[in-house]
Amino acid sequence: MDILGSIVLIKPDHLPEKTKRGLYIPATAKELPQTGTIMDCGPACKDAKKGMRVIFPRKSASAIIIDDIDYYLIPEGRVIYKAGEGETIEVKSKYFGT
């Protein structure tokens with residue numbers, strides 16, 4: 001598998017609930033950003049690296065299944081936050097102070 005351009009392949013920490021037909025159900029109408037780990041990067045990625053923990057908006061990601069594992073493809077520029085080494089990240093609210 002080769003990722004092209006500045007696209008990153010992310011394995012999400014959690015997947016949204018699925019219907020019986022396999023469709024994802026958003027937790028709320030205004031979905032929170034999601035956390036995950038970058039599994040691979042395209043050759044044009046400048047800052048993203050394999051193994052990096054990130055926060056990203058699931059709305060702007062494309063879902064893909066490889067060998068029965070769910071992943072997201074997203075442009076590198078849409079990654080919201082890159083965690084430092086050993087840093088724990090968690091999304092609690094869409095906005096600070098709410």
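A salt bridge is counted where a side-chain nitrogen of Lys or Arg lies within 4 Å of a carboxyl oxygen of Asp or Glu. In this predicted model, two such salt bridges are present. One joins the side chains of D13 and R53, with an N to O distance of 2.8 Å. The two residues are 40 positions apart and belong to distant parts of the chain: D13 sits in the loop between strand 1 (7-12) and strand 2 (17-18), and R53 in strand 5 (residues 53-56). D13 is partly exposed, at a relative accessible area of 32%, and R53 is also partly exposed, at 25%.

The other salt bridge pairs K82 with D47, whose closest N and O atoms are 3.8 Å apart. This pair, too, links distant parts of the chain, 35 residues apart, with K82 in strand 8 and D47 in the loop between strand 4 (34-41) and strand 5. K82 has a relative accessible area of 38% and is partly exposed; the corresponding value for D47 is 48%, again partly exposed.

E76 presents another case. This residue is located in the loop between strand 7 (69-75) and strand 8 (81-82). E76 is buried but takes part in no salt bridge, and K82, the nearest side chain of opposite charge, is 5.7 Å away. E76 is therefore not paired with K82, because that distance is not within the 4 Å that a salt bridge requires. Leaving out residues up to four places away in sequence, E76 touches S6, V8, A44, C45, K46, D47 and A48. D47 in this list is the salt-bridge partner of K82.

The largest nonpolar core consists of 13 residues, and V8, I10, I38 and F56 have the most contacts inside it. Strand 1, strand 4, strand 5 and strand 7 each give two or more residues to this core. In soluble globular proteins, nonpolar side chains tend to be buried together. Beyond its neighbours within four places in sequence, I38 is in contact with V8, L9, I10, A48, K49, K50, G51, M52 and V54.

D67 is not a glycine, yet its phi is positive, at about 50 degrees. D68 lies in the loop between strand 6 and strand 7 as well, and its phi is likewise positive, near 65 degrees, in a residue other than glycine. D67 is exposed, with a relative accessible area of 69%, and D68 is exposed at 75%.

Key. Residues numbered from 1 in each chain as written. Predicted model: local features only at pLDDT ≥ 70, side-chain atom pairs only at ≥ 80, totals over all residues. Heavy atoms only, no water. Helix = DSSP H or I, 4+ residues; strand = E, 2+ residues; numbered from the N terminus. Buried < 20%, exposed > 50% of the residue type's maximum accessible area, 1.4 Å probe, protein only. Lys, Arg positive; Asp, Glu negative; His and termini not counted. Contact = heavy atoms within 4.5 Å. Core = buried A, V, L, I, M, F, W, Y, C linked by side-chain atoms within 4.5 Å.
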